[in-house]
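This report goes through selected local features of one protein chain.

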Amino acid sequence: MESGGPIITLKDVGFSYDGVHWVLRGISLSVRRGERVAILGHNGSGKSTFVKILGALLTPSQGACFVRGRVSLVFQNPESQIVGAVVEDDAAFAPENQGIEPAEIERRVAWALEKVGLLHKRKALSSALSGGEKQRLALAGALAAVGPDPACLVLDEPTAMLDPQGRAEVEDVLRYLHGAGAAIVQVTHQIESVTGADRVLVLSQGEWAWQGSREAFWDAAGSLGFGLPPLVSLRRCLGVVVESDSVDGLAKAIIAFIPSLRTKDRAKEREKEMEKERKQERFSPVVSRSFFQVRDLGCGFGAGTPVETLVLENVSCFIPAGGWFSILGRTGSGKSTLIQHLNGLYPVQSGEISIIGAQGELVSLPIRGTELRNLRRRVGLVFQSPEDQLFSPTVREELAFAPLNWGLSKKEADAAAAEAMRLVGLGEEYLERSPLRLSGGERRLAAIASVLAAGPECLVLDEPTAGLDAAYRARIVELLSWLKEEGKAIVTVTHDFEMAFERSDRIFVMDGGRGLFEGSVTGALPALLERESALLPEVLQLCDSLRREGLSVPLTWDADELLESLRVSE
């Protein structure tokens, strides 16, 4: 290709895995150095296949793809690209294989780990990282492969498993690379990713459905099936001019736009309200019977080795029967490790876990034999990455596996599989398909169905809405709400604070392997705003910012509720 030409050029690219069904059709694209492009698409639109073609992992079935310069990829599932046992070894893997000098490798590894916020864990075991930390390690490996001056970085849902602060940290890295002249191609369904893009393209059923600038996309988003980011929606509805689509930028604009909201003593009133709420509830007592009680739970990995890591320390919480219990906290706070104790996947090292017994009494969590097997039937666990638990050749076999394992006949197992499929909303046409050939949203539903087929009393899910578009997120939230109404205990580890705030009966906030707060949503908000405000929905942060300035607005995470209060005050 000519000097100074595009880094990536696709000409009428099409792709089919089986020669019959086309995943991509007629895809043409040109990306130049210094350009940031957001590729949006709902689950199943062909985004991941598109990324693999850009990285030369797949060859187009038709058309051509030209790449000029070094392109580094970050995949949707970090497990698929982490190869080193220790964090710094994994980050060094690519440059070592390129034959780069050791001093330069050391410089790149330190730079990449620092950029993604993992430098302090360079000696940690990769396997001991949380899902979000693994996502950041995958990004560090891609950065170390190309150094501080990459030609192009292609990312497939790079922030799907991260908390809001982690997403902000990754965005800072991308902004830095973009400013340094790198081309950034970010493939995602997260509408927030558009805010930093120069150009937006929408992929639908394997074809381009729309192309244009960021601002033009905001006008077209609704007709394309996307909602606007809450802050963008508020800004456009109010008609205010902002310096940036950020909490601080919008807060300043609103204060200038609607001065009548300010009340003389509102700031003092706010502090009194917060103090009252703080006193009302902190680790409040259980108001209904418990399904689990966790007391002083401790857990560590690599005991007696140089990489020994303490993950949980004196964690106590009470999980209600027939309720929805959400576990919140930063990436790496120990949330996933906690829930993997609940069905005996991790044995209790210190402390105690009790579970409700047959007569409603609390009994110690079983650790071996038939009782442990029965525990895993009662408590179904859905992992953060569905690929970690989907292994059968077809969806039918996947869903029938657990019922057959519990001693059901083939007819009974098939009936249980069919009922689980009905519950999650997947049709019979999926039964003979490979679980690993489904879209991200379909795989998540198949993983949930495989657990439901065993008829558990409690469903424990790790990031059930991560990496899903709005439609699949809504399906899963409504499914879990229905299961709760049917009497099942629901436990979710999530960075989806909107889901947690809207649906949870109780919330448990973790940080650094410890519990910070346990109680109702109302009681949690003051504690979260004080200590973990960066993790909260932007609308809630905006409300708190406005209230600090003395504006009379509700403390809400609902953009429509905030907008209504602002309109009333105009």
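## Local features of the model

Asn314 is partly exposed, with a relative accessibility of 47%. The structure described here is a predicted model. Asn314 belongs to strand β11, which covers residues 309-320. Its phi is positive, near 50°, and Asn314 is a residue other than glycine. Most residues other than glycine have a negative phi.

Glu157 is another such case, with a positive phi near 50° in a residue other than glycine. Glu157 is placed in the loop between β6 (152-156) and α5 (164-179). The relative accessible area of Glu157 is 2%, so Glu157 is buried, the limit being under 20%.

## Aromatic pairs and charges over rings

How many aromatic pairs does a search of the whole structure find? The search gives 12 aromatic pairs. A pair of aromatic rings is described by the distance of the centres and the angle of the planes.

The pair of Phe391 and Phe401 is edge-to-face, with 5.0 Å from centre to centre and 90° between the planes. Phe391 is in the loop between β15 (379-382) and α12 (395-405), while Phe401 is in helix α12, so the pair ties together parts that lie 10 residues apart in sequence. Phe391 is exposed, at a relative accessible area of 53%. Phe401 is partly exposed, at 41% relative accessible area.

In the pair of Phe501 and Trp557 the ring centres are 5.0 Å apart and the planes stand at 50°, so this pair is tilted. Phe501 is in helix α16 (residues 497-503) and Trp557 in the loop between α18 (538-548) and α19 (559-569); the pair links distant parts of the chain, 56 residues apart. Phe501 is buried, with a relative accessibility of 4%.

One aromatic cluster is made up of Trp210, Phe217, Trp218 and Phe226.

Charged side chains also sit over rings. The charged end of Lys115 is over the ring of Tyr176, at 4.1 Å from the ring centre. Arg437 lies over the face of Tyr17, and here the distance to the ring centre is 4.8 Å.

## The second largest pocket

At least two lining residues come from each of β2 (22-31), α1 (47-54) and α14 (440-452). By type, the lining residues of this pocket are 14 nonpolar, 16 polar and 12 charged.

## Helix α7

Which residues of helix α7 (residues 230-238) are buried? They are Leu231, Val232, Leu234, Arg235 and Leu238. These residues cover an arc of only 165° around the axis, which puts them on the same side of α7. An α-helix has 3.6 residues a turn, so residues three or four places apart point the same way. Arg235 is listed among the buried residues of α7. After α7 comes Gly239, with a positive phi near 70°.

## Loop positions and C-alpha distances

| Residue pair | Separation in sequence | C-alpha distance |
|---|---|---|
| Ser552 and Leu566 | 14 residues | 9.0 Å |
| Val20 and Trp406 | 386 residues | 39 Å |
| His21 and Leu375 | 354 residues | 42 Å |

Is Ser552 buried or partly exposed? Ser552 counts as partly exposed, at 39% relative accessibility.

Val20 is in the loop between β1 (8-16) and β2. His21 is also placed in the loop between β1 and β2. Val20 counts as exposed, with 59% relative accessibility. His21 counts as exposed too, with 55% relative accessibility. Strand β2, at one end of this loop, is among the elements that supply at least two residues to the lining of the second largest pocket.

How values were computed: Residues are numbered from 1 along each chain as its sequence is written. This is a predicted model: local features need pLDDT of at least 70, side-chain atom pairs count only at pLDDT 80 or more; totals for chains, interfaces and linings use all residues. Side-chain values use heavy atoms; hydrogens and water are left out. Rings of Phe, Tyr and Trp (its six-membered ring) pair if their centres lie within 6.5 Å; planes under 30 degrees apart count as stacked, over 60 as edge-to-face and the rest as tilted. Helices (H or I, at least four residues) and strands (E, at least two) are DSSP runs, numbered from the N terminus. Buried means under 20% relative accessible area, exposed over 50%, partly exposed in between (1.4 Å probe, protein chains only). A charge sits over a ring if NZ of Lys or CZ of Arg is within 6 Å of the ring centre and within 35 degrees of the ring normal. Ala, Val, Leu, Ile, Met, Phe, Trp, Tyr, Cys and Pro count as nonpolar, Asp, Glu, Lys and Arg as charged, and the others, Gly among them, as polar. The arc is that of the directions from the helix axis to the C-beta atoms.
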